[in-house]
Amino acid sequence: MTGRARVDAAHRQRETGGGAPVAPDHGLPSVASDLTLAIDCMGGDHGPSVTVPAALRFLETNPAAAVILVGVGDAIEAQLRRRRDARSDRVRVHHATEIVTMDEAPATAVKRKKDSSMRVMLDFVKRGEAHAAISAGNTGALMAMAHFVLKTLPGIDRPALVSALPTVKGHTYMLDLGASPDCRPEHLVQFAVMGAILVSAVEHRERPTIGLLNIGAEAIKGNQVVKQAGELLRASELNFVGNVEGDGIYRGEVDVVVCDGFVGNVALKTSEGLARMVERFLREEFTRNPLRRIAAALAWPALAAFRRRVDPREYNGATLLGLRGVVVKSHGSADVVAFGRAIERGADEVRGRVLERIAERLATAESAALPEAAS
């Protein structure tokens with residue numbers, strides 16, 4: 001028995017006082033502490049001024065956790081010195097000599113930036129010194145580097161980016177959001193399996209509902225890839241309810257929305273643009289004249305409640321599922337609150353044993369329920 005399974009088994013043994021436990025070996029890393037997160041402090045638009053305070057806030061509410069702050073040592077230390085009692089045995093600073101810029105080509109980052117904060121962060125996960133990695137850096141570089149360093153789980157051909165989106169019923173999870181633009185039907189089935197396990201672990205839903213994003217609800221709609229994926233999903237053991245149209249995402253028709261990375265990224269960016277447009281229109285109308293400013297003041301409680309419900313900071317953090325390690329991508333423009341949410345998302349997945357559950361599901365899946373595909 002090796003990897004994360006050993007650590008979790010040891011924890012269960014201490015809790016129950018039982019004998020030596022037996023757990024499957026999925027090749028996942030082993031970490032000594034209850035929860036250790038590696039953080040790329042140099043990523044994003046704001047770097048250590050956001051990532052370091054967010055990490056310290058996380059530690060305040062998670063007394064059993066520890067963080068490894070990776071990046072330019074002087075910049076990280078400067079942020080720590082500004083916060084009283086920030087240094088403790090739960091905070092480790094690791095100096096990295098390089099930074100992956102936001103406009104850097106992924107191939108260049110993988111080949112030449114071996115001592116970048118992003119690469120070193122992922123190496124901590126690979127070596128088993130951290131449970132998860134969180135970065136607000138270059139999305140393409142992070143996906144390429146994570147795939148190169150951590151590799152995919154057995155039975156998974158391609159990783160997928162997944163994130164929660166607000167709906168009228170709460171929220172739903174959608175994948176892929178850009179990691180794999182070109183997919184075969186079998187890849188979409190793999191995404192569905194991983195998404196279902198994620199929701200089951202994090203949201204504690206026994207049989208999450210799965211929907212396939214399509215241009216119509218009927219089974220005959222869509223291109224060949226989507227129609228074939230629908231057939232495979234209907235034959236699987238998943239709780240597949242059928243096709244979901246674009247407006248069904250925000251109606252909360254299903255727990256998990258599955259699509260390829262091209263469609264998912266376009267849908268996500270369109271939604272973000274629409275949200276910004278609505279926010280701008282509201283601001284313009286409520287500030288058009290003094291009378292409307294008074295109306296805005298009277299309506300402020302309702303407006304504030306609306307903003308909280310759709311606050312993108314609360315949904316920050318997209319997980320790169322399918323790798324031999326938890327990797328969470330934060331939005332590059334994230335503030336302390338938003339980046340903290342990405343850290344929490346990584347911690348939730350570690351605590352929910354998402355990787356182990358995916359590996360266990362893949363190890364026992366019938367070939368008809370989870371076909372293999374050529375990558």
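**Figure 1. Contacts across the sequence and the overall make-up of the protein.** Among contacts in the protein between residues at least 6 apart in sequence, where contact means heavy atoms within 4.5 Å, 72% join residues at least 24 apart. The model is predicted, so local features need pLDDT of at least 70 and side-chain atom pairs count only at pLDDT 80 or more, while totals for chains, interfaces and linings use all residues. Residues are numbered from 1 along each chain as its sequence is written, and side-chain values use heavy atoms, with hydrogens and water left out. The secondary structure comes to 13 helices and 11 strands, these being DSSP runs numbered from the N terminus (helices are H or I with at least four residues, strands are E with at least two). Of the 375 residues of the protein, 51% count as buried; buried means under 20% relative accessible area, exposed means over 50%, and partly exposed lies in between, with a 1.4 Å probe and protein chains only. The accessible surface of the protein comes to about 17,600 Å², and 54% of this surface belongs to carbon and sulfur atoms, as computed by the Shrake-Rupley method with a 1.4 Å probe, where for residues only the protein chains shown count as cover.

**Figure 2. Helix α7 against helix α8.** Two packed helices are described by the angle between their axes and the distance between the axes. The axes of helix α7 (residues 185-203) and helix α8 (residues 224-235) come within 8 Å and cross at roughly 50 degrees; axes are lines fitted to C-alpha atoms, for helices over the stretch in contact, and angles run from 0 to 180 degrees between N-to-C directions. The helices α7 and α8 are therefore oblique to each other, given that angles under 35 degrees count as roughly parallel, over 145 as roughly antiparallel, 65 to 115 as roughly perpendicular and the rest as oblique. Helix α7 passes α8 in a right-handed crossing, a term used if the near helix is turned clockwise from the far one by less than a right angle, whereas anticlockwise is left-handed. In this view, Pro185, Glu186, Leu188, Val189 and Ala192 of α7 meet Val225, Gln228, Ala229, Leu232 and Leu233 of α8. The residues of this contact divide into 8 nonpolar, 1 polar and 1 charged, where Ala, Val, Leu, Ile, Met, Phe, Trp, Tyr, Cys and Pro count as nonpolar, Asp, Glu, Lys and Arg as charged, and the others, Gly among them, as polar.

**Figure 3. Helix α7 against helix α13.** Helix α7 also packs with helix α13 (residues 354-364), at an angle of about 135 degrees and with the axes 9 Å apart. The two helices are therefore oblique to each other, and α7 passes α13 in a right-handed crossing. From α7, the residues Val193, Met194, Ile197, Leu198, Ser200, Ala201 and Val202 meet Val354, Arg357, Ile358 and Arg361 in α13. By class, this contact has 8 nonpolar, 1 polar and 2 charged residues.

Figure 4. The axes of helix α10 (residues 261-286) and helix α11 (residues 290-310) come within 10 Å and cross at roughly 155 degrees, which makes α10 roughly antiparallel to α11. Glu279, Leu282, Glu285 and Phe286 in α10 meet a set of residues in α11 that includes Arg292, Arg293, Leu303 and Phe306. The contact of α10 with α11 has 6 nonpolar, no polar and 5 charged residues. Ala299 is placed in helix α11 and, at 23% relative accessibility, counts as partly exposed. From C-alpha to C-alpha, Ala299 and Phe286 are 9.8 Å apart in space, and they are 13 residues apart in sequence.

**Figure 5. The loop between β6 and α7.** A cis peptide bond, with omega about 10 degrees, joins Leu175 and Asp176, and Asp176 is found in the loop between β6 (170-175) and α7. Gly178 lies in the loop between β6 and α7, and at 18% relative accessibility Gly178 counts as buried. Leaving aside its neighbours within four places in sequence, Gly178 is in contact with Met143, Leu161, Gly261 and Asn265. The C-alpha atoms of Gly178 and Ala160 are separated by 7.3 Å, although these residues are 18 apart along the chain.

Figure 6. Lys151, a residue other than glycine, has a positive phi near 65 degrees. Lys151 lies in the loop between α6 (139-150) and β5 (160-167) and is partly exposed, with a relative accessible area of 43%. His204 is not a glycine, yet its phi is positive at about 60 degrees. The place of His204 is in the loop between α7 and β7 (209-213), and at 68% relative accessibility His204 counts as exposed.
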